[in-house]
Amino acid sequence: MLNNQTSYFLKLSSQPIIFEPISNGTSVFYDKDNQQLFCVRGSGAMGVTVKGHRHEQAYSFRLEDKGAIQSIKFNSDLSVLAIKRNSNSVEFLNFPSIPPLPTSPRRPSLTTTTAAATILQPDNIEYSQLSKTKASKLYDFNWLSDKEIIFVTDQSLEHYLLTAKQRTLRQLKTYDIQNIHWQLFSREMNLLLISAGTAAGNSLIPYSFHKTQQQQLTKLPKFEVDLPQVTNLRSNSTASNASNQSTSKRCNELTERDCMLANIYGKSYLFIVRQLFRVAGQGSIEVVLYQIEDDHKPAQKRHILRLNLHGRCALNVVDNLILIHHQPTTSCYIYDIEDKSTSQYDGFQTIHEPLLSQQSIQPVNVNWQLLSSTISTSSTTIELYSSNWIVFLPNIIIDVKLGCLWCLLINLDYLLDIISDRLLLIDILLRRANGKASILTLLRTLLTNNITPVEIDSNNISNISSSHVLDLWIEIIDRINRVFIENSPVRPLLDQTDIYSVLSLFSTIVSISTIGSSTTYRRSLSITSNDTTLNNYDQSQSFKFPTSIIIEYIRSLNDYNIPVQYFIYELLVNLLVKNNQFFQLQQLIQYQVLTDSLQLACLLLSLSNTQQPTTQLALDMLKRLTNANEEILEILLGNYFIVEALQFCIDHIPITRTLARKLLETAIKADELLSSTTSNQKILFFTVYTFFEEYFQRSTTISALAQSNEQKDELEMFKSLFNLHFRHQESDVPTIQ
């Protein structure tokens, strides 16, 4: 069931940026490239306050009153401020380096409180740059980098290189373009779009630039945007006729307010909003997406978003989802251009319907005491979709009358409860950069309802059979791994650590039978026949599901050539061993489902105290590794398999006196253990000693064996244990009783 936190897909950021509302004496500007909001009081003479999300600190400074400010922007490193006050020049003001932010972890957010802004002291000397094109009108300027700036006039583009220390600008190049109507700019997309030429404004010229390659502006192929066909709207009302004429005029021209630049799934798009009217008083909205390519191909119309409503609307882009806000209905419609279930290709472009319809923004309260200390009211719910709202891409909403700036956020957990098709849901979440947490929640819900009786209300998914869940798991995990190997920066990457956090549920849910910790030493390592038998059929079936889930995950990793991490194998081995599934474990190892490794072999050995068959599996694995002879010997000696260790040394390890002494010492300990249960008379020590006696006789001489003190100690031990002499002294060895 949806709760208050998840019942809304859209919400405004909980800590808005608070600023002084717009008024007769206060102007507000927003720089979308630096994501900064300027609050200018009295043309700057009363102070300028700068706040933003990218730079957490708020700054304040004063400017000399030289007239009303039309545009104001910092360069990218906040070292130079550019101000446009008239239609033919831009003024510049240098600033010292920005002071570092406090390092205290408990520092409050300065963007959301009334804490005093850091006061900046600009340079006392201003310098300016006139437009070089005579009789031209300067529309605006754009910072390409911290040192490069471009002026956009009605006749040209003027590219300048700024030297802050010398307070000068050097013109790099002028691009003569006649009849410029308007411009769009995005530093994030490295793109400048110019509308020029035809009176309709639908002839567009894109320019690209590169931040790492200064003094370079590349002209891309010119293209024209299709204007909608205007249907003759019949009406007897004079007011309606006037409205129809206004609508017809808007449809016959392309204006700046109908266009915007956005990056969707790593591609650059021009968004064009169209209001289509076919019958008086009725209409629809279309958002046309032109893809702007940087390979010198003209932009192409790729997508059309259709909404069967008319009226004022605005656009946001959040996590590659396109949001159309419809003010008359105070609702939002969400589109995903990569979603196949809501789209149709007509042979030229793809037509999209909403993925989610009539979504409301979660109601939000504003603390009025943050706005003014004279207001006693603590908080009030604000009006959503107010006429005072101004929307900027990608996800900025500003209420200029209230004095608040929010980031629009999405709640992906909301989709878990409203989309019943789990494969469609996983595709949507895998296209969201912030979708990892929701994907893990989906996987936990999917698996938990099949391994525990706890009911989780999520479209009655608990009624799905285990076989169907396994089929879903196979498809979902394949899609997750496919996205992982693509390594896209705009998609969630779920590595094996993330999936392990889901699979580890099995280690706590499966019931485990505990075996005593007493150690029994056997001379044989063969697996007993009853290791694969479970008396309880239902218990066997309950183990089958989690085992299959983990095995399918390993299979998917192998299919995509992703090396399986040790902890995944560890989880599966523990699950099988704790439930006595040794035959299945043996099969998985034999057929290389579990890749041989030293870590996995050590895991099997760690279980050998309670599960003896795992020792043999570990030895077989180490033998296949071909470079673990020392480890195999240690295992054999650690389990007191003296004869087997001796035979292994003969076949695989060079025999030295150090190795001989290690085997002799272990043989003594093994004899002591055996003597408590049998009538053993140090036979293991006798066997090992006599072997090495003969071996070193063949390799050197018997006298060499007793040269060192160590060999003398062994000789004395042998005499005391068996009361006999070496064979070269012509005495027979008595039979050991």
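Reply: Let's start with E552 and R555, whose side chains meet in a salt bridge with an N to O distance of 3.0 Å. Please keep in mind that this is a predicted model. Both residues belong to helix α9 (residues 537-559), and because they are three residues apart there, about one helical turn separates them. R555 has a relative accessible area of 25%, so it counts as partly exposed. As for the general idea, side chains of opposite charge can pair when their charged atoms come close.

Now try another helix. R479 forms a salt bridge with E475, and their closest N and O atoms are 3.0 Å apart. Here the two partners sit in helix α6 (residues 466-486), four residues apart, which is about one turn of the helix. Are these two partners buried or exposed, or something in between? R479 has a relative accessible area of 16%, and because the cut-off for buried is under 20%, R479 counts as buried. E475 has 29% relative accessibility, so E475 is partly exposed.

The next pair reaches across the chain. D498 and K436 form a salt bridge in which the closest N and O atoms are 3.3 Å apart. D498 is buried, at a relative accessible area of 13%, whereas K436, at 31%, is partly exposed.

Salt bridges can also join up into a group. Which residues are linked in a network of salt bridges? They are D336, D339, R431 and R432.

Five strands make an open sheet in the order β3-β4-β5-β6-β10, and their pairing is mixed. At the edges are β3 (26-31) and β10 (118-119), each of which pairs on one side only. Inside this sheet, β5 (residues 47-52) and β6 (residues 59-61) pair in the antiparallel sense over three bridges. To find that pairing on your screen, look for T49, which stands opposite S60 in β6.

Note on methods:
Residues numbered from 1 in each chain as written. Predicted model: local features only at pLDDT ≥ 70, side-chain atom pairs only at ≥ 80, totals over all residues. Heavy atoms only, no water. Salt bridge = Lys/Arg side-chain N within 4 Å of Asp/Glu carboxyl O. Buried < 20%, exposed > 50% of the residue type's maximum accessible area, 1.4 Å probe, protein only. Helix = DSSP H or I, 4+ residues; strand = E, 2+ residues; numbered from the N terminus. Pairing = 2+ DSSP bridges.
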